[in-house]
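Please open the model in a viewer and keep the sequence panel at hand. The stops below are given in the order in which they may be selected.

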Amino acid sequence: MGIVRVEVVGVKSGDVTTSTGLVIRCVTQYVPRRPIIPPPESTSSSSSAAALTPPAAVVELSRRLVHVAHGQPQPSPPPAAEFEHETHSRCRVLLEVWPGDAAESPSSAPQWRLKLSLTNSLPGDYDLELPLKRPSMPPAFLLLKVSLTVPSGTPTPSSSSTSATAASASALAASDSLGPLKALPEAVAEADDPVSAKSKPKPKPKTGAVVADSGYSHAKYAPKAGDDYIRNFTAYTSCFDGPDDDDGDGISDLMGVPTWVSYEIKAVSSNYVFPKYQRPKWATDKGLFDNHEAPDDKSYKGKMPETRGHMCMKKHADRISETAGKETHNMMNACPQTQVFNAGIWLMLEQKCSKWADTFGKIWVIAGPAFERTSADVETMGTGNEFAVWVPDMFWKVIIREDSGHLELLAFLFNHRTDKDGNEWQQTGTGAEDSDSSSSSIYDLNDYIVPLETVISTAKLDWTLPEFHEQDSMW
């Protein structure tokens, strides 16, 4: 285990909205690569600390509140927060800052959120100046000293093998006067270490081995991937959630589900024989799993009412081959869904897609989850040290077909738990989960058609399509 020490040195650049100074809460988080035991509670007199019950995906080791009085002599030693962390794990520190005197647990939202990413940083001392943005005023700067140490004999990343990055700080501002959280320019940390300290550039989408049939273009009309992970399979392309800030709370999050899955379905003849085989065990992406960025099947084997819901239907993939069908049993293609939703209206729409593909020759299906809740209150699957998979609040599906030089489009949005009238979903009929035959239903899919823009805003997608015509009723 290494040590991260965050020391508050002071504030510069004049008044910080009040003469009483700042209240700062410091939280350290990291994604473990093996089971951990929370450290004992600190006895520091300058801050309060408590070990928290560790979630499966992100471990908050401790919380501390420190008070920095602006314009007054600093206490000796300076307010500091010290944390243990697993050496070279994905470690980050969040500073929440309030102006003026605040209670031990401030009830109001912090005015500033400052995030330090310490992943792959070289051991050493880093002097940081983090901007505190203020409307119509020059920024003030919070002065920190961040120290990273590792046990003797622990190998550290070398410049030849790992790109060494100093602690980079990105600031998020939040207050009632400023409205919702807004991303602010990245602050560059100056390091005492001879290695130059620069902010890490945004990673490009990471693409897995392409095994898709050259006759298919699964991602032809898909949204942009951003910083998420792209994985290509025989029957679909998955854009799997990466360590970005999806919910806007200032902390990188890992949902454990695809942001979207896109695939092309082609018509099959009436005498096509679908492959018959034993369903395989659910697989995962080993690289993402080893880096604790994706779950394996253990996260889905608790006592939750949700099961693994396919974004790309197995029966749709079976139209290509047995191999394609088996590849749909992968965490890159799964989201938690209640059984009644999965085998109900979701299945009903999947079966409609089969008929549309046969009618029009080919269609594209793009589907995924959406979330109303944030990392603070979202429901998750997985216990103990298993990956905590976020349970979606909603699901969406967009179906596209080409027609005389433009696109025809249908967009659907469903609440995961309840129908349009607020009643719990009911199973819609007798159609088998892997069947192409349509099931009877008490629901009308027309009631769940929405404008594409509604899907884009609800699921927070970056999506631009060529000329298209939206349908307000089913084909």
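Select Asp-318 and display its surroundings: leaving aside residues up to four places away in sequence, Asp-318 touches Tyr-272, Phe-274, Pro-275, Tyr-277 and Gly-325, a contact being heavy atoms within 4.5 Å. The model is a predicted one, in which local features need pLDDT of at least 70 and side-chain atom pairs count only at pLDDT 80 or more, while totals for chains, interfaces and linings use all residues. Residues are numbered from 1 along each chain as its sequence is written, and side-chain values use heavy atoms, with hydrogens and water left out.

Asp-318 belongs to helix H2, residues 314-318; helices (H or I, at least four residues) and strands (E, at least two) are DSSP runs, numbered from the N terminus. Is Asp-318 buried or exposed? Its relative accessibility is 0%, so Asp-318 counts as buried; the term means under 20% relative accessible area, with exposed over 50% and partly exposed in between (1.4 Å probe, protein chains only). Next, show the side chain of Tyr-277, with which the side chain of Asp-318 makes a polar contact at 2.6 Å. Such a contact is a pair of N or O atoms within 3.5 Å; within protein, one must be able to donate a hydrogen and the other to accept it, and residues adjacent in sequence count only if both atoms are side-chain atoms.

Now move to strand E21, residues 394-403, where 8 of the 10 residues are buried. On one side, display strand E18 (residues 362-370), which pairs with E21 in the antiparallel sense over 7 bridges; strands pair if DSSP finds at least two bridges between them. Trp-364 has Ile-400 of E21 as its bridge partner. Ile-400 also stands opposite Leu-409 in E22. Strand E22 (residues 406-415) runs antiparallel to E21, and the two pair over 10 bridges. At the hairpin of E21 and E22, with 2 residues between the strands, select Ser-404, which takes a positive phi near 50°.

The model holds 18 aromatic pairs, where rings of Phe, Tyr and Trp (its six-membered ring) pair if their centres lie within 6.5 Å, and planes under 30 degrees apart count as stacked, over 60 as edge-to-face and the rest as tilted. Trp-346 and Phe-395 form a tilted pair, 5.6 Å centre to centre with 55° between the planes. Because Trp-346 lies in helix H5 (residues 345-360) and Phe-395 in E21, the pair ties together parts that are 49 residues apart in sequence. Trp-346 is buried at a relative accessible area of 0%, and Phe-395 is buried at 0%.

Arg-401 lies over the face of Trp-475, at 4.8 Å from the ring centre. For a charge to sit over a ring, NZ of Lys or CZ of Arg must be within 6 Å of the ring centre and within 35 degrees of the ring normal.

Finally, select helix H6 (residues 452-459), whose buried residues are Leu-452, Val-455, Ile-456, Thr-458 and Ala-459. These buried residues pack against E18, E21, E22 and strand E23 (468-470). Lys-460 follows H6 and has a positive phi, near 55°.
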